[in-house]
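Please keep the sequence and the 3D view open while reading.

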Protein chains: 4
Amino acid sequence: MNSENFSISEKIVSPAYIRQGSQARRSHEQLIRLLLEQGKCPEEGWSESTIELFLNELAVMDSNNFLGNCGVGEREGRVASSLVARRHYRLIHGIGRSGDIAAIQPKATGSSLLNKLTNSVVLDILKLSGVRSVASCFVVPMATGMSLTLCFLTLRHKRPKGRYIIWPRIDQKSCFKAMITAGFEPVVVENILEGDELRTDMEAVERKVQELGAENILCIHSTTSCFAPRVPDRLEKLAILSAKYDIPHVVNNAYGVNPMLMECRIDAFVQSLDKNFMVPVGGAIIAGFNESFIQEISRMYPGRASASPSLDVLITLLTLGASGYRKLLAEQKEMYTYLAQELKRLAEAHGERLLHTPHNPISLAMSLDGLQTQSGKSVTQLGSMLFTRQVSGAR
Amino acid sequence: MNSENFSISEKIVSPAYIRQGSQARRSHEQLIRLLLEQGKCPEEGWSESTIELFLNELAVMDSNNFLGNCGVGEREGRVASSLVARRHYRLIHGIGRSGDIAAIQPKATGSSLLNKLTNSVVLDILKLSGVRSVASCFVVPMATGMSLTLCFLTLRHKRPKGRYIIWPRIDQKSCFKAMITAGFEPVVVENILEGDELRTDMEAVERKVQELGAENILCIHSTTSCFAPRVPDRLEKLAILSAKYDIPHVVNNAYGVNPMLMECRIDAFVQSLDKNFMVPVGGAIIAGFNESFIQEISRMYPGRASASPSLDVLITLLTLGASGYRKLLAEQKEMYTYLAQELKRLAEAHGERLLHTPHNPISLAMSLDGLQTQSGKSVTQLGSMLFTRQVSGAR
Amino acid sequence: MNSENFSISEKIVSPAYIRQGSQARRSHEQLIRLLLEQGKCPEEGWSESTIELFLNELAVMDSNNFLGNCGVGEREGRVASSLVARRHYRLIHGIGRSGDIAAIQPKATGSSLLNKLTNSVVLDILKLSGVRSVASCFVVPMATGMSLTLCFLTLRHKRPKGRYIIWPRIDQKSCFKAMITAGFEPVVVENILEGDELRTDMEAVERKVQELGAENILCIHSTTSCFAPRVPDRLEKLAILSAKYDIPHVVNNAYGVNPMLMECRIDAFVQSLDKNFMVPVGGAIIAGFNESFIQEISRMYPGRASASPSLDVLITLLTLGASGYRKLLAEQKEMYTYLAQELKRLAEAHGERLLHTPHNPISLAMSLDGLQTQSGKSVTQLGSMLFTRQVSGAR
Amino acid sequence: MNSENFSISEKIVSPAYIRQGSQARRSHEQLIRLLLEQGKCPEEGWSESTIELFLNELAVMDSNNFLGNCGVGEREGRVASSLVARRHYRLIHGIGRSGDIAAIQPKATGSSLLNKLTNSVVLDILKLSGVRSVASCFVVPMATGMSLTLCFLTLRHKRPKGRYIIWPRIDQKSCFKAMITAGFEPVVVENILEGDELRTDMEAVERKVQELGAENILCIHSTTSCFAPRVPDRLEKLAILSAKYDIPHVVNNAYGVNPMLMECRIDAFVQSLDKNFMVPVGGAIIAGFNESFIQEISRMYPGRASASPSLDVLITLLTLGASGYRKLLAEQKEMYTYLAQELKRLAEAHGERLLHTPHNPISLAMSLDGLQTQSGKSVTQLGSMLFTRQVSGAR
């Protein structure tokens, strides 16, 4: 309520109480002020009460919620179902304009604020996670793979001769498809075994570059998150190579906001929203160290986009706060260590061993040699035993 | 958001759009201002967006939602379940104080405003419905019957010798029970048949008053809503009698906010919230023409009470607006006329007749003589046929 | 979905997955089955997902949610506002019948189940909290004070000569009012100081009983929760006295589900829902060791009542589970010990002392002698200092 | 509840009522059965109660809601914020698999059903809207423009030599951008003026085809919804031309599900979800007459996608029902006629005229010659006058 309404309220409830109520309101406003001023994830998470107040405030600024609005156009934020309106907090206009997914939408001041703030808060969290020199990022309501496609399509305009994408092998269908969909030819470079680990074969990569000719290569497409015994690509070496041959470098960083990312020729990196921020599937962050290139990508999205993933990630980060997010990262590390230790014990008890893959901080692999030799028992059976015990995620 | 936050927002989204957004917010504030200033039901219903904004504003004024609140007492609005918190819009403190259900609660400025406004808006609607000179009312989270009990208990203190309650017969268990629970002896006065109508037997009432002695009578307890062929009590005549013998007069007006109510000795009248305002069962309005007596009743409720019925009725009246409420009243009339007409046709087609009960504006009765005489068919069977066809409410 | 719909779904999504989905549904059903079968609070709390599923299931059983229902009566669970319908999970019919607040409501099978289960789960929690031989209880949507009033009104019918209520003094307005509202004369018995504690003066109580005559006394009204240095009444001794003189004994147990309660002549005890179950203000539990007397009370409530407090307490207990509730009780004890220790340190640092009140397990008192003697400083000032620091609940 | 739980309930509430409740549940199940069996939009809209019951049923089938699930993978439908979980009805896993946006997701049976049913119901509505021979469609959580990009990218694999897209001019940035982003060269064909209407210049289109060579043309990209005085492209003639030269034909049908669409060489058409189904911005439908080509497109989306737009459109269509949707279409026509009539009157009153554009059924244009000649008054001023009067959508 504004000060006028607080004054009137003093005639209904005693002025001292109204003053206290108005101060209480002010303390929520202060949190909102900090967010608007700094564009950073608050250190401490907000209460649901503050979050909903804030989202309501954003919604009333969108033209579909104007009292007395007379919308005669084709795109006026009309909603037929109140269930739908409610679940979007009446933020109906989506984000961006036809020209740019990161742009301000004149009919939707609140949604525009939401979009800008989300991108800003996410940037802050990327820095906090270790990518200190990241310059720009934006949330897209598309899968990681489709977001990579958009990056590749943007590069096409800068490298009209680029036909190939150099890609150290990684067994994930959507990464491969991202290149195919964009219309490029993936050049798969097999990894080499170092100890138990499957690592980027730098020499093979460089050979390919020389063989195909740098100008014919759209970009190098590396991956930082994968299942053991594959370990993340040698990002720094690939980045140096990229710089040496002046080839763009796009990083699929889907599974982890990754502290090792550095500037030395990484043009863009993409990460999954759900894997990094515990929100529903369907969004990604496209980020980079060069603001203007990231803007170019954001200007390639044709049309206004769904605000739903942005809304989810903003609510989530405001709820967790930076401290909550750090806590989750710490827990993840702890769990990893614990899992490694217990898996090792288990492996040894069965004459198997936990593979030594120290460069992979998110995944573990163990041998199943015994299963393969024994008749009547198979890896498939193990899989179905895990399935019926509701253990999912093992491969 | 306050003006400071709007200013900061201008650095994120262009000032012109923020200004428009801020004006849009202002238009919601204007509606709230009118409500606070006039305490009346708005002519036009509010959008859900304005209602939720308003309820959020109320909630942040309650101490359980203060950021940094340190509650060490036994009653601090603690809520264990977020489902529960949410469904009450985080208004947890209830209404009233131990001293008075209509009083301001220091720990809950927002809930207190809610309570005061609800009572004020309901008073306005009572006037609009035809009870123009009603002076005061309040919502209680109790059934109509229990609310009548509270009225009788209040009267006891004013009439220590009163043992009897004069009650023109009406076949509703809870009305009877209301008197028994309060500890009084109902004196049932049978009605007389005038044409098809069962009406108050004024002579019998007066005889009873004389017989028992006015000072031994706690009050006359009349009823304005009932099932045909019973028609509403002769309220004006009972009121004149009450005045003549100086006996309080309490009206059970459960089923209908009733325009015929007049001042001439009605001490209090009670109506059901769900029947008159389309909210969940469980609340009532206690109203009257003498403010101080209604206050006495409100001061008899020992303890703080549930705000839930008040919240429901306020949301409902803000949603409907006075115009929406009037429209519902008009529809009810139309439906009644239509039902009467069709029931008449039906009755005639089966050799029965619709009883002529013009004094009962909410209920209709038809003869079922044919059923009673025919062997093998019974009223019970008809009832069960209606039941299996999901027709409820017939008697 | 029923098995038929699962079968049809197998044509859309593969049968193996549908089977798994159907088993998942079954695991929720199992939880519901246990609840229905045992009527006890589940040991582990339910997920919100199970709770909402269950409430939806209840709601579809109420006639207002019947598809194709044709309600022509005055009480059909009509709701004008979808905000209101939603916040009550579409359970609109309230609880009980005009005859009995604990009775089954024919138009509302789901709400009736809700009512029965809530009372049953609450009974289980009372036992778990230490009142092992409690026989019956029910939730009423009324303040503790008003619930006490209802108990007293019920007793009136059993003890027509009872005019007085013996009441060891306790400074809580609503307890006093509960007796006044019911129309009885409170006979206040002052407490005696034992050490730092203010305790029930058993001799004075007995003297009063003899003086007034047992048959003229409606009941003894004792209190188990209070602010130090007052300590809970000597319940066992009062119960023995009650038995000796054959006087009913009603216990105000508002602030704490209290393990010391015993059978030896306690007719009914009342506790606040919000203080014991962390739900919004406005409900109470009326309980006792004699099922038939508790039923008599439940039959005194005239009319159907609000289901809102029952819904809140059921959601809360299903969310917490018995283990969660026990954990809260344990935390409360820990917090008390910690508070006592720190208050003692604080008191000593300022030359004051923490009063020794071992019989009061929920409240602490410290001397403020220094404040009273020093000029320019007062107890009021201390209060306002606490207030501005948002510390509430201190007295 | 399953039949077992209904049986147990009969011990708590009387069997007759439970039976009625169970039948009531069955009537909801019947609606769900019809939907599952037929995959069509129900003729009559569902109540919110049925919709929420259904969504809850879907959610419990997803593995993130399995009680006792042990998810160790990177994608387990984890959600940090309960606000977020709730607003998605706990459907967290998105839609599709990395291989195909229309595929079944093993971890999410409920979301998979949602996806399949939504596509099926939308197909039904497309047919109902007049596109009777449409064979296949799917919802994508992307803007119309980005969806067109995906269509063009799919065509690239079928027409490796295709560099140009023939595009009858239309002033919408995102349509143009859709081609640029996909990496093709738009060949703009100017329209010709026929009376007041701007129409497709069929001769110019054919000239361009011959000039560039059919094999070098990726596709013809036509538009069926636009602002007057531009009228929809001559779809039939373009389709005949497409067939003649064997060039794919992609139709941007954004603003209107359009009954004139016919089979004669239309490879795919795309429409906006928000403009056609009154849901939040951000989704589109890709549809066509050849099932296998539409499947090819759905297999081009790399990764799992957001279920949010599918959820919105399913809720909306279940709420409206086919009858509700038809009613909206009829209203739209009525409003258009009314607007045309009133605009004509207004134009004539000011010496202007309403342009005669009978081929454009969704947009109207009037001359503003007077404004342009008068000094001191300008079109811009008119625009700002409309803006301050909250009239949006005029151009």
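## The sheet of chain C

In chain C, seven strands make up an open sheet with mixed pairing, in the order β2-β10-β9-β8-β7-β3-β4. The edges are taken by β2 (136–140) and β4 (185–189) of chain C, which have a single partner strand each, so one side of each has no neighbour in the sheet. On average, neighbouring strands of this sheet are turned by 20 degrees against each other, direction ignored. The model is predicted, with an ipTM of 0.95 and a pTM of 0.95.

- Strand β8 (residues 249–252) and strand β9 (residues 268–272) of chain C are paired in the parallel sense, over three bridges.

- Chain A has an open sheet of seven strands with mixed pairing, and the strand order is β2-β10-β9-β8-β7-β3-β4.
- Since β2 (136–140) and β4 (185–189) of chain A stand at the edges with a single partner strand each, one side of each is left without a neighbour in the sheet.
- Direction ignored, the neighbouring strands of this sheet are turned against each other by 20 degrees on average.
- Strands β8 (residues 249–252) and β9 (residues 268–272) of chain A run parallel and are joined by three bridges.
- One bridge partner pair is A:Val250 with A:Ala268, the latter in β9(A).
- Helix α11 (residues 291–298) of chain A packs on the sheet and touches β2, β9 and β10 (284–288) of chain A.
- The direction of α11 makes about 20 degrees with that of β2(A).
- For chain A the average pLDDT is 93, and 96% of the residues score at least 70.

**A strand of chain D**

- Is strand β3 (residues 164–168) of chain D enclosed or left open, and why? Five of its five residues are buried, so β3 is largely enclosed by the rest of the structure.
- From β3(D), D:Tyr164, D:Ile166 and D:Pro168 point one way, while D:Ile165 and D:Trp167 point the other way; all are buried.
- Five bridges pair β3(D) with strand β4 (residues 185–189) of chain D in the parallel sense.
- D:Glu185 in β4(D) is the residue opposite D:Tyr164.

**The nonpolar core**

- In soluble globular proteins, nonpolar side chains tend to be buried together.
- Here the largest nonpolar core has 452 residues.
- The residues with the most contacts inside this core are A:Ile286, B:Phe152, B:Ile286, C:Ile286, D:Phe152 and D:Ile286.
- Leaving out residues up to four places away in sequence, D:Ile286 touches D:Cys137, D:Phe138, D:Val140, D:Ser147, D:Cys151, D:Ala268, D:Val270, D:Ile294 and D:Ile297.

**The contact between chains C and D**

- How many residues does each chain bring to this contact? Chain D gives 42 residues and chain C gives 41 residues.
- On the side of chain D that touches chain C, the elements giving two or more residues are α1 (3–9), α2 (15–38), α3 (48–60) and α5 (109–128) of chain D.
- The most is given by α2(D), with 13 residues.
- By type, the residues of the side of chain D that touches chain C are 18 nonpolar, 15 polar and nine charged.

How values were computed
Residues are numbered from 1 along each chain as its sequence is written. Chains are lettered from A and ligands numbered from 1 in the order in which they are written. This is a predicted model: local features need pLDDT of at least 70, side-chain atom pairs count only at pLDDT 80 or more; totals for chains, interfaces and linings use all residues. Two residues are in contact if their C-beta atoms, placed from the backbone, lie within 7 Å. Helices (H or I, at least four residues) and strands (E, at least two) are DSSP runs, numbered from the N terminus. Ala, Val, Leu, Ile, Met, Phe, Trp, Tyr, Cys and Pro count as nonpolar, Asp, Glu, Lys and Arg as charged, and the others, Gly among them, as polar. pLDDT is the predictor's confidence in each residue, from 0 to 100. Two strands pair if DSSP finds at least two bridges between them. Axes are lines fitted to C-alpha atoms, for helices over the stretch in contact, and angles run from 0 to 180 degrees between N-to-C directions. A nonpolar core is a set of buried Ala, Val, Leu, Ile, Met, Phe, Trp, Tyr and Cys residues joined through C-beta atoms within 7 Å. A residue is buried if 20 or more other C-beta atoms lie within 10 Å of its own, exposed if 12 or fewer, and partly exposed in between; C-beta atoms are placed from the backbone.
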